[in-house]
Amino acid sequence: METVKVAFTVNNEETVLQVSPNETLLETLRERLDLTGAKESCGIGSCGACTVEVNGLPLRSCIVLTSEMQGADITTVEGLNREGKLHPLQQTFMEEGAVQCGFCTSGMIMTAKTLLDKNNQPTQKEIIKTISSNVCRCTGYKKIVKAVGEASKKTA
Amino acid sequence: MILPGFEYRKATSVADAIALYNDFEGKARYLAGGTDLMPLLKYRLAAPAAIIDLKGIEELKAIAAIDGWLTIGANVTLFELKNHPVVKEYFPLLYQSLDATSCETLQMRATIGGNLLQDTRCIEYNKSLEWRAARGFCLKMGGKCCNVVPHSRVCLSNYCSDNALSLVALSAEADLAEAGGEKTAGLEKIYTGSGSKPFVVEPGTLLTRIRIPLEKSKGVYEKLRVRNSIDYPLAAVAVAMKKSVARVCVGGVGPAPLVYELAGTDEGTLRDAANSASTDARAVPNAILSPAYRKKMVGVLFRRAVQKVLREGA
Amino acid sequence: MEDNLNIVGKRVVRSDSLAKVTGRARYTADLKMPNMLVAKVLRSPHPHAKILAIDLDGARKVPGVKAAISGFDGSGIKWGVFRYTQDHAMLPTDKVRYIGEDVAAVAAVDEETALEALSRIRVDYEPLPSVFDPLEAMREGAPIIHEQYKNNINIHVHIDVGDVDKAMESAFLVREDTFKAAGEAYAMMEPYAVVASFQNGFLDLWMPNAGPHVRAKALANLLKMPLNKVRVRHINSGGAFGGRSEVAPADLVASLLSIKADRPVKLVLSREENATSSRQIHDMSATIKTAMSKDGTIVAKDLRAIYDGGAYSSTGPIATSVPFYVYEECYRFPNIRYNGYRIITNKGIRGMYGCHGRAFLAGNEAQMDLMAKELGLDPVEIRLKNGLRAGEMTATKSRITSCGLQETIETTARKTDFQKRWAKPQKLEGIGMGCVAIMCGFPMGFRSGSSCYLKINDDGYVTLVTGVVDNGQGNESMVIQAASEILGVPMEDINLVNADTEITNLDPGAYSQAAAFVSTNAVKIACEKARKQIVAIAAEKLAVSETDIALKNRLVYSVANPEKKMPIAWVVREAFARAEPVVATGTFFPDIDLEREWISRPWGQMAGTFSYATSVAEIAVDSETGMITMPRFTAAHDCGRAINPMAVEGQIEGSVQQAGVAAITEGNLWDGGHLLNPDLLEYKVPLACDMPEIDAIIVESGDPVGPFGAKEGGIAIRMNAYSAVACALTNATGVLFKEMPLTPDKVLEMVEKATEEKG
């Protein structure tokens, strides 16, 4: 396999890597860049635990090749709290008790972030629709929906 | 779960993509959003020598309403298409099926081209190599018999594109590019009816654009699924109504959508049409709900969808 | 119940959440170590086959492979929770018993190499006849899966209290029905993973687990190593729900590979492997015969349940018993007989589940509603009439010390206008109620208690050392909150060192509802001892009486004269100087009958206390598609005392998803021994858009022994939410369900049957 040279930005840091063509973005983040916040749960794009933000959109990194990431602007959950300050979603997920086992949390927060970035006053219905992209096994989603709503008040 | 080995190439034009395909002597797969292809690769249901990324082909990203057609580039994502003003205004049916496709995150990645050319699915097929090896290879894997219908020689895996049903109901056409040039076909003509090889297109053919006649229509999409997000249809019906002519497309059951034109919309005609759609549906135990139920639901959804359109028309 | 609390009872931010929202919380698959190898497992493609030979040579020759093992590299010891259930070698050498069973494994420098090596392993099998249905497996002539289990009957629990037959004969109303339910998938978001690191004779292990001490013991047995050389270490766990309770084949695989390679090994299961080859939940059926007197008193129950146990014993006797017990802990049964059979089949290994026994429990509840209706009673009246109360004994002689059952019934009924709506349901709309109790801790012999240690450092910060483990439910935060309350220091001043078997003392683990009642009690006791030491010194220094001393905000002060105060840190330093440092151990052992045994002596005090809950589901059924929609769910849980109400609500809401909505969507599907939905696409974990509005109600009965009155706050709704849905469906259609999950195809049959009956 010919390796592929890819240059992209991760959490504001420019990164240039030589990757195998069959390497997924999730593998690159976790194995090479030690960004283990994104998780592999289903491995086939059906649960959202690996969601990261790429060019402003939520992306399931387990079914995307790193080779496709040339020029991309990538944000992972580790990149959300800048200068020691938590992102409003991180704050409200804690305050509202939206975190239990935590395995879906990064993906859930990143999905919600892309919603708030383009719609900072979502209705409850819109929040539910967006986070219905992600599976959570612990919470019953109620506190997650609440946390996203509360965060939208902080970002408004 | 790691991917198998392959080369990665990025195409810059349609011609470039086809040339790359031929460079790899046909042992390549086109990649658009990857939401269908990547799981297939992970499960070793495809083992191409190369992946040819189409996302760099700018000309396939456009949506244009010209010359009486809405022309949609194959690279347009489902989410972009869903939010396009012309779609909302002219084709409520397409809006509904796009909105009912999987979930928002995947709508933002999946392209309309990939959605239409997605592989057919079966509960005994979309599994890892180890799972399938233990079960025994089926018709679609090149084996001798079907794993869900013993002794069957036909693969009835399900074609699960939500949007194909809308587009067929809307009489959409598909532009197909091959090494020899482009051709156009009615979308409903691209299906073989066999789950083993669901599409008539030759290997290397690229779906470049979808074209829908630009006439306002009413429409309803009815989808049977267990969860209200992420899930593929277990049966689905799309109805497009133009000038009191209803064109109905049934899918999610079997390898190809089935089209019906309703001669009238009176209760008797509708009942007969719904019954015959139910009779036509070739449901086998290849999904999580029973085949008898799915078959029955084709009729129920058929009637519901048409009645709903009629109510809206009133 | 103690009032006047500063922190306990408050909606505090959980101590573990900061690491989780920032992506810094480490789970097993996130671990990296120098020289770490990747492991992969070769699995059985056969449901039942004799192993003739395993040849690992080909695998060993692949460059980059550092170890290859099979069961022939093991000790030959078989695992079982009880002496009479020791049947699971984890890596078999005689025969394979399910598709996906671990047969051999390799450790290599990377995953590609490991996969290549697996393809070079040769296993010769002689396929044997297999059996997948428990009823067929029990028949004469069925293939025998383990020689020692005649007719494949792994476990038979027989309980017979009073005179059931006599009571049945003279009862006013008798009814018998049979219910089935597909087993569910735990579907915890974290697929199973193990890191094993063997160095200098010591084995360190990380894996999601619900009881580090029992896990270490099982592995020590399997590896023939002393306990202090098998160290299960702390790591975050991405959900358990009962599926991470027992030792797993992957634990042994990773351990053997690490020992052989003399390097750390990481084994991460794929989602599919997690379903086929970690643990699954029992499919089951239940035949329920109930006798009532004219006034609705339950006079007798004759119950028979058959559990599809899969290939090995697992927690067999417990799994076979628990649905019965949670029912008899809830209602009064003067005459009751239970025959529970756990049958071995050629399917994956099974375990306990937070929602265990839905055919049995939902069947009992739904049948009771129909019988009540016949007697002119409603579900609320029949439950209040037959429900146990504090001070009563269960049929198998457990005393109920605190009981909020009545309050949970009355509150949910009032908030939903239950009786009126149940009496006159709209067309195909229904409301249903489910009740249950649950023991706070299974009897586990000497492992039933918890013991912890704490020290206060010379800066006043606290180190708390306990075996308690957190699988996501919030146990870590709970014990910190309890310690913070007693020691008068903020939660962030307490460093919790937990779930590390070489450091922490024996603890029952988090899989038997024991963490709040047992483990937190131990923490409370230790903290109270330390507090007593602080109070004694402070009283002397401040020249006030010990009864006048309070601790708050890192200070010790006089309640009568708050100006008299000093930092706790000063007291701690003074204690060091007196050669009496502030250190304490705390041990709590629940008041249980240690003679009790699941099969040979199924009576006596089961647990220190029992929690209670009531669920109410409101549903509507689509008459043409059979689809159920559920607009609202009301759940009240008597958890004794909510240490963190926000965490208890989270447990209730999660239970509504995992048991209530799942009653409609979730169930494993099989084609013989092939699991058809081992993924997160075809296995239907409900999504946000599928959830009802939830009213989560906390009822605090204040247990006399529980820490601050607490019992458990996580599982009772999980054990009755499906009953509420089943009962609502009976209310909507007038007929009983036959099989769960209540997918639309099955519901449509019920609707059609109901229409026929109405004629």
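These legends accompany close-up views of a predicted model.

In this predicted model, local features need pLDDT of at least 70 and side-chain atom pairs count only at pLDDT 80 or more, whereas totals for chains, interfaces and linings use all residues. Residues are numbered from 1 along each chain as its sequence is written, chains are lettered from A and ligands numbered from 1 in the order in which they are written, and side-chain values use heavy atoms, with hydrogens and water left out.

**View 1. The domains of chain C.** Chain C is divided into domain 1 (17-24 + 444-588), domain 2 (31-128) and domain 3 (280-443 + 596-758), with bounds that come from an automatic or database domain assignment. Taken over C-alpha atoms, the centres of domain 1 and domain 3 of chain C are 37 Å apart.

**View 2. Where domain 1 of chain C meets domain 3 of chain C.** Contact (heavy atoms within 4.5 Å) joins 20 residues of domain 1 of chain C to 20 residues of domain 3 of chain C. The buried area, which is the accessible area (1.4 Å probe) that two parts lose on being put together, summed over both, is about 1,500 Å² here, and carbon and sulfur atoms give 68% of it. On the domain 1 side, C:M444, C:Q513 and C:F517 lose the most area to domain 3, together 43% of what that side buries.

View 3. On the side of domain 1 that touches domain 3, α14 (475-487) and α15 (515-542) of chain C each supply at least two residues, and α15(C) gives the largest share, 6 residues.

**View 4. The interface of chain C and chain B.** Here 33 residues of chain C are in contact with 31 residues of chain B, and the two chains bury about 2,800 Å² between them, 59% of it on carbon and sulfur atoms. The interface holds 7 salt bridges; in the one between C:D671 and B:R135, the closest N and O atoms are 3.0 Å apart.

Note on methods: Helix = DSSP H or I, 4+ residues; strand = E, 2+ residues; numbered from the N terminus. Salt bridge = Lys/Arg side-chain N within 4 Å of Asp/Glu carboxyl O.
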